[in-house]
Amino acid sequence: MLIGIRILFFGSLLGFLGGFAFAPTSYFLPCIIWLKLKKPRKYGLSWTINWICIVIGVLIMTLSPIGALRNIIVLAKNYKFFS
C-alpha cells in the first residue's frame, strides 16, 4: 500500500501489467475455448459474437499497455521520489 501511495504512476503500472495478464484471461481466451469446445456453425450468430469479442479483447490487450506506458513516461518526466 505504501508503494502504491508513494509512486505517482502506480495505477498506470497496474494497467500496463493488467493488459498483459488479465485481458487475455478475461476477454478472449474464454471465447476461444468456447469456440473449440462447442464448434458452432461458422458465420452463425454465436460464432460471430465470439469473434467480435476476441477481436475487441486483442485490441484491449494491445492498447492498454501502450496507453499505460505512455502515461508512465509522461508522469515520470517530472517525478521526484518522496517529494
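A contact, as used throughout these exercises, means heavy atoms within 4.5 Å. The model is predicted, so that local features need pLDDT of at least 70 and side-chain atom pairs count only at pLDDT 80 or more, while totals for chains, interfaces and linings use all residues. Residues are numbered from 1 along each chain as its sequence is written, and side-chain values use heavy atoms, with hydrogens and water left out.

**Exercise 1.** Describe the fold of the protein chain and the sequence separation of its contacts.

Solution. Begin with the elements, where helices (H or I, at least four residues) and strands (E, at least two) are DSSP runs numbered from the N terminus: the protein chain has three helices and zero strands, in the order α-α-α. Then turn to the contacts with a separation of 6 or more, of which 67% join residues 24 or more positions apart.

**Exercise 2.** Determine which residues of α3 are buried, and whether Trp 51 is buried, exposed or partly exposed.

Solution. Apply the cut-offs, by which buried means under 20% relative accessible area, exposed over 50%, and partly exposed in between (1.4 Å probe, protein chains only). The buried residues of α3 are Trp 47, Asn 50, Ile 54, Gly 57, Pro 65, Ala 68 and Ile 72, and their cover includes α2 (10-38). Trp 51, which lies in α3 (residues 45-76), has a relative accessible area of 39% and is therefore partly exposed.
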